[in-house]
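Please read the points alongside the coordinates.

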Amino acid sequence: MAHGPSRSVACGIFPDQGTNPCLLNRQADSQPLRHQGSPLIRSSHVKRDLPDRDTQALLSTTQAMELRRRDYRVERPLLNQEQLEELGSQTSATGTLQWRTWFQCSHARARALLLQYFPVLAWLPQYPVRDWLLGDLLSGLSVAIMQLPQGLAYALLAGLPPVFGLYSSFYPVFIYFLFGTSRHISVGTFAVMSVMVGSVTESLAPDEAFLQALNSTVNVTARDAARVQAASTLSVLVGLFQVGLGLVHFGFVVTYLSEPLVRAYTTAASVQVFVSQLKYVFGLHLSSRSGPLSLIYTVLEVCWKLPQTVVGTMVTAVVAGVVLLLVKLLNDKLRRQLPMPLPGELLTLIGATGISYGVGLQHRFGVDVVGKIPARLLPPVAPSPQLFARLVGNAFAIAVVGFAIAISLGKIFALRHGYRVDSNQCFPVSCSMSRSLVQESTGGNTQVAGAISSLFILIIIVKLGELFQDLPKAVLAAAIIVNLKGMLMQFTDICSLWKANRVDLLIWLVTFVATILLNLDLGLAVAVVFSLLLVVVRTQLPHYSVLGQVPDTDIYRDVAEYSEAREVPGVKVFRSSATVYFANAELYSDTLKQKCGVNVDHLISQKKKLLRKQELKLKRLQKENKLPKQAAASKGTSISINVNTSVIDIESNDVEGSKAKVSTGTELEGIAASGQEDAKAPDMSSLKTLGLPQPDFHSLILDLSSLSFVDTVCLKSLKNIFRDFREIEVEVYMAACHSPVVTQLEAGHFFDASITKQHLFASVHDAVIFALQHPRSSPVNPVLVTKL
């Protein structure tokens with residue numbers, strides 16, 4: 001294609017800008033690109049510095065000068081959406097519908113489904129025995145050593161006999177070996193889950209319901225049987241919920257549980273756990289409570305019954321807690337020298353059991369002990385269907401919380417070690433953060449470590465469990481409280497969030513307070529609802545800005561934030577920081593009109609009022625000229641009256657100033673010629689002619705780069721913006737719209753004869769250059785010519 005002479009247009013736009021070496025230029029070929037009658041589009045030439053000013057300030061003078069030489073040049077035509085689609089050869093994406101693949105049967109699909117639901121068949125045949133077996137063996141042993149005391153202790157949180165904590169440390173771990181996808185998390189008992197189960201079991205089977213009539217003591221055997229029945233039924237419901245949610249791929253629900261929410265929730269749960277263990281630390285018998293404010297009532301009752309403290313129990317708990325803290329501090333100090341952490345909990349449990357058995361703490365000092373532990377696996381018992389209706393709400397809450405904690409921890413290790421965790425491969429029992437960290441740090445590589453730890457727990461259940469019958473419950477309570485250190489340290493989030501993000505701090509505080517006051521299930525519901533409402537509110541109150549051009553670049557920034565950014569004369573660029581939808585569409589329109597500095601609605605109202613007044617006066621004028629026409633017709637004379645009604649004539653109410661020519665039939669041709677000349681009179685409907693103030697800009701550009709979707713309300717709002725601003729003689733353009741949004745605009749029939757894709761540009765700068773080259777001219781309407 002031959003090129004003629006070209007001209008260069010400085011894109012700095014402001015005349016006082018010098019010839020900066022990074023000046024942005026627009027160079028146009030003499031032969032323009034045309035697109036179905038579109039206006040002239042010229043090729044563009046861009047040159048801009050890469051480093052920003054803050055970066056240059058940190059560099060030395062020599063480095064800054066060197067970086068200034070690193071620029072880039074882009075030469076391309078000025079593009080609207082229609083031309084961009086043709087240039088990029090856009091095609092509609094034709095993909096197979098997802099639901100169709102569900103009914104496809106093939107050998108490969110059957111194998112993929114088998115490996116998806118039984119991942120052990122995928123990784124176990126490829127297990128490198130020489131490289132990983134030793135590490136998994138040591139890791140499994142280390143985790144089992146921690147699992148034993150934690151299993152016994154967390155059973156107390158659940159309100160169950162300690163042996164059931166060991167059961168929860170064996171069965172779920174082995175099942176997860178077959179079905180789980182995380183290679184490092186330690187599945188089993190967890191404090192938060194245990195206290196949630198305990199709140200349910202204690203509410204369904206409170207101590208007061210099992211008081212014996214003779215001596216007013218609790219029938220422990222009957223109470224424990226009722227609580228075990230409730231806990232097993234609850235576990236079945238939790239499992240059914242999680243399996244069902246996994247089958248329908250409900251794993252995305254974890255995205256609604258933000259990190260501040262989860263951390264605040266676990267912190268509140270740790271406070272619940274701490275308060276629940278006070279009765280074992282002081283040897284008190286407290287009433288069973290559940291529901292809102294139950295934590296507050298429990299604390300008040302503990303304070304009220306402190307004089308009844310069993311001194312032996314309190315001393316045992318304090319000594320055990322001090323020993324555990326010292327061992328943990330020693331582990332932290334010698335972390336790099338020790339191949340594995342010292343098993344402080346196991347050593348404390350063994351020592352406490354020996355001392356209790358030798359000294360006779362239960363008989364001599366009234367210290368409550370664990371009691372009988374059956375050295376066997378109990379046969380499974382069917383759940384109670386009568387409890388389903390009472391447990392369904394708690395079961396769903398526990399299922400979601402357990403899943404969220406487990407998948408969050410699993411993803412942390414997956415990212416660290418470079419593998420993927422399936423968020424839909426759920427499991428009813430959650431995982432422990434401390435045991436998971438130990439499993440990873442001691443060389444664990446796969447789920448084999450968990451299987452080995454479960455085998456160790458099985459040996460303990462069958463052969464060694466009965467040795468811990470004299471273990472004081474106060475020692476288990478001390479172990480639980482010491483292990484809460486990590487979660488209680490999350491209170492420091494308040495300070496960090498205050499500095500980083502106060503909206504997240506608000507989520508943290510609301511979650512914590514709601515969980516403390518309303519208990520774990522209602523607290524989680526309030527936290528999730530509040531978090532989602534906050535997202536909606538934040539999208540309803542986005543940041544709106546008028547953009548200006550950063551000198552010598554094609555970059556546009558908020559003029560209120562960037563002092564060097566200047567508005568382009570005659571062009572307004574408006575941007576919202578959030579997508580526009582039904583909740584904020586009206587606010588978007590109102591703020592746009594406010595930021596433009598023009599009372600658009602008032603101006604349109606005044607214009608319509610003046611035009612209506614003009615029309616009434618014109619009709620009155622026509623009525624006054626009707627009588628001469630009838631008189632001339634009665635005399636058989638041909639009369640033609642040409643009325644030139646200019647705006648000035650009407651506003652001054654000077655009817656006599658209107659030109660009226662009366663002639664015979666021989667003068668008709670002259671009158672017709674005179675009418676054609678009168679048709680060139682100025683437009684009587686323009687703002688200038690009507691005497692109304694004109695906006696100081698001729699073009700409005702909507703930066704739609706933040707739009708992720710559009711709904712019908714957004715489409716109507718955009719159409720109204722085009723209509724209103726065109727009424728005040730301002731042309732509207734759109735820019736930087738993503739392809740999915742353009743597709744939605746097409747599906748919503750947004751584009752028509754008045755709003756085409758030529759009004760949508762690839763970037764804000766394209767739209768600005770086009771608007772400067774094509775300022776909107778006043779609409780031309782034919783002059784009213786009436787022949788009577």
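1. Basis. This is a predicted model, in which local features need pLDDT of at least 70 and side-chain atom pairs count only at pLDDT 80 or more, while totals for chains, interfaces and linings use all residues. Residues are numbered from 1 along each chain as its sequence is written, and side-chain values use heavy atoms, with hydrogens and water left out.

2. Overall content. The chain comprises 32 helices and 12 strands; helices (H or I, at least four residues) and strands (E, at least two) are DSSP runs numbered from the N terminus. Of its 788 residues, 47% count as buried, where buried means under 20% relative accessible area, exposed over 50%, and partly exposed in between (1.4 Å probe, protein chains only). Among contacts with a separation of 6 or more, 78% come from residues 24 or more positions apart; a contact means heavy atoms within 4.5 Å.

3. Cavities. How many cavities of 30 Å³ or more does a search of the whole structure find? The search finds 8, a cavity being a set of points, on a 1 Å grid over the protein atoms alone, where a 1.4 Å probe fits but cannot get out. The largest cavity has a volume of about 340 Å³; a volume is the space filled by probe spheres set on the points, and grid points are joined across faces, edges and corners.

4. Lining of the largest cavity. The lining has 20 residues, with E202, Q272, S276, R289 and T298 nearest the centre; lining residues have an atom within 4 Å of a point. The lining divides into 7 nonpolar, 10 polar and 3 charged residues (nonpolar: Ala, Val, Leu, Ile, Met, Phe, Trp, Tyr, Cys and Pro; charged: Asp, Glu, Lys and Arg; polar: the others, Gly among them). At least two lining residues each come from helix 7 (129-157), helix 9 (191-204), helix 11 (259-276), helix 12 (278-282) and helix 13 (294-304). Helix 9 contributes the most, with 4 residues.

5. Helix 11. This helix is mostly covered, with 14 of its 18 residues buried.

6. An open, mixed sheet is formed by 6 strands in the order 8-7-9-10-11-12. Strand 8 (556-558) and strand 12 (760-761) are the edge strands, each pairing on one side only; two strands pair if DSSP finds at least two bridges between them.

7. Strand 9 and its neighbours. Strand 7 (residues 544-549) runs antiparallel to strand 9 (residues 571-576), and 4 bridges join them. V546 has F574 as its bridge partner, and L547 stands opposite V573. Strand 9 pairs with strand 10 (residues 699-703) in the parallel sense over 5 bridges, with L700 the bridge partner of K572. Because 5 of its 6 residues are buried, strand 9 is largely enclosed by the rest of the structure.

8. Positive phi. Most residues other than glycine have a negative phi. L293, not a glycine, has a positive phi of about 65°; L293 lies in the loop between helix 12 and helix 13 and is partly exposed at 35% relative accessible area. A736, also not a glycine, has a positive phi of about 60°. The loop between strand 11 (731-735) and helix 31 (739-747) holds A736, which counts as buried at 19% relative accessibility.

Notes: 1 Å grid on protein atoms, 1.4 Å probe; cavity = no way out; pocket = protein on both sides within 12 Å on 5 of 7 lines; lining within 4 Å.
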